[in-house]
2 protein chains.
Amino acid sequence: MGLTKTEIFSEQQNQISNIAKAFGHPARVAILQHLFKINSCICGDLVEEIGLAQPTISQHLKELKKIGLIKGNIEGTSICYCIDRENWVKMKTVLSVFLDQDLNEKANCC
Amino acid sequence: MGLTKTEIFSEQQNQISNIAKAFGHPARVAILQHLFKINSCICGDLVEEIGLAQPTISQHLKELKKIGLIKGNIEGTSICYCIDRENWVKMKTVLSVFLDQDLNEKANCC
DNA sequence: TTATTATATTGCAATATTACGATTAATAAA
DNA sequence: TTTATTAATCGTAATATTGCAATATAATAA
């Protein structure tokens with residue numbers, strides 16, 4: 001049906017997959033990398049930098065904002081988007097619990 | 001158009017987003033967690049464990065296998081799926097370059 | 001050979017995502 | 001006020017994803 005059955009999974013599992021989904025598009029990866037690199041940004045820069053149309057970038061920014069990885073302050077006609085470093089660290093904490101599962105002494109069975 | 005413009009992004013950016021996409025569904029997160037937990041598995045277990053239909057689980061397993069995070073050995077009528085720990089570590093290395101971008105001395109601009 | 005069991009594949013419906021042109025909204029500059 | 005400038009929103013087309021019933025395949029058991 002194309003609809004993820006969120007209700008049968010734990011909150012942690014949904015949280016992890018939601019974070020991962022935000023990283024699941026190269027444009028959003030590129031946006032985040034660029035924001036880290038220049039440490040301050042307006043949307044126009046990104047349109048040139050990334051190479052997608054302005055509405056498309058705006059849409060990706062909206063998703064990143066929704067999940068809390070970036071925040072935007074209005075600055076005249078433009079908006080200063082930047083990384084929400086506090087949330088970024090929180091996000092990494094959630095992910096690391098999942099990613100570091102292999103740091104147990106168990107060996108492979110096959 | 002619904003088609004991601006892969007060609008305008010770097011190989012690293014596409015690699016990161018592809019890994020993230022694999023984690024971008026709670027069922028796949030749950031499957032990986034379960035595989036780590038019991039350290040050996042067959043698909044039937046997962047159908048009960050996760051609560052989705054057998055074809056759906058099979059499809060998710062296929063995607064995880066495609067990206068190399070799990071591997072399956074034929075064992076009689078069943079298949080022993082397990083984590084590909086070598087690739088898991090490689091995957092973490094790729095991701096950490098991206099996730100640890102914030103470990104620079106820069107402050108927030110806004 | 002004929003079940004039985006376990007998993008994969010196919011086909012399809014429903015929903016989600018991606019991308020962009022056109023438009024709108026809001027501020028700044030003239 | 002009029003005219004840029006900048007970014008958000010709307011509408012829509014194309015493609016991807018999710019989920020499952022039905023079926024196929026493959027290996028073992030009877």
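Predicted model: local features only at pLDDT ≥ 70, side-chain atom pairs only at ≥ 80, totals over all residues.
B:Asn104 lies in the segment after α5 of chain B. Its C-alpha atom is separated by 40 Å from that of B:Gln59.

Confidence was examined for chain A. The mean pLDDT of chain A is 91. Of its residues, 93% reach 70 or more. Within chain A, α1(A) has the highest confidence, at 98. The lowest is found in strand β1 (residues 70-75) of chain A, at a mean of 83.

Helix α1 of chain B spans residues 11-22 and has 12 residues. From first C-alpha to last, the helix reaches 17 Å. This is close to the 16 Å expected at 1.5 Å a residue. Six residues of α1(B) need separate mention: B:Gln13, B:Ile16, B:Ser17, B:Ile19, B:Ala20 and B:Ala22 are buried. An α-helix has 3.6 residues a turn, so residues three or four places apart point the same way. The cover over the buried residues of α1(B) comes from both chains. Chain A contributes α1 (11-23) and α2 (26-38), among others. From chain B, the cover includes α2 (26-38), α4 (54-66) and α5 (85-99).

The contact between the chains takes 39 residues from chain A and 39 residues from chain B. On the side of chain A that touches chain B, two or more residues come from each of α1, α2, β2 (78-83) and α5 (85-99) of chain A. By class, this side has 19 nonpolar, 14 polar and six charged residues.

The largest nonpolar core has 46 residues. A:Ile31 and B:Ile31 have the most contacts inside this core. Leaving aside residues up to four places away in sequence, A:Ile31 touches A:Leu46, A:Ile50, A:His60, A:Leu61 and A:Leu64.

Strands β1 (residues 70-75) and β2 (residues 78-83) of chain B run antiparallel. Six bridges join them. B:Ile74 stands opposite B:Ile79 in β2(B). The hairpin of β1(B) and β2(B) has two residues between the strands. In this hairpin, B:Gly76 takes a positive phi near 65 degrees.

Terms used:
Residues numbered from 1 in each chain as written. Chains lettered and ligands numbered in written order. Helix = DSSP H or I, 4+ residues; strand = E, 2+ residues; numbered from the N terminus. Expected span 1.5 Å × (residues − 1). Buried ≥ 20, exposed ≤ 12 C-beta atoms within 10 Å, placed from the backbone. Contact = placed C-beta atoms within 7 Å. Nonpolar A, V, L, I, M, F, W, Y, C, P; charged D, E, K, R; others polar. Core = buried A, V, L, I, M, F, W, Y, C linked by C-beta atoms within 7 Å. Pairing = 2+ DSSP bridges. pLDDT = per-residue confidence, 0-100.
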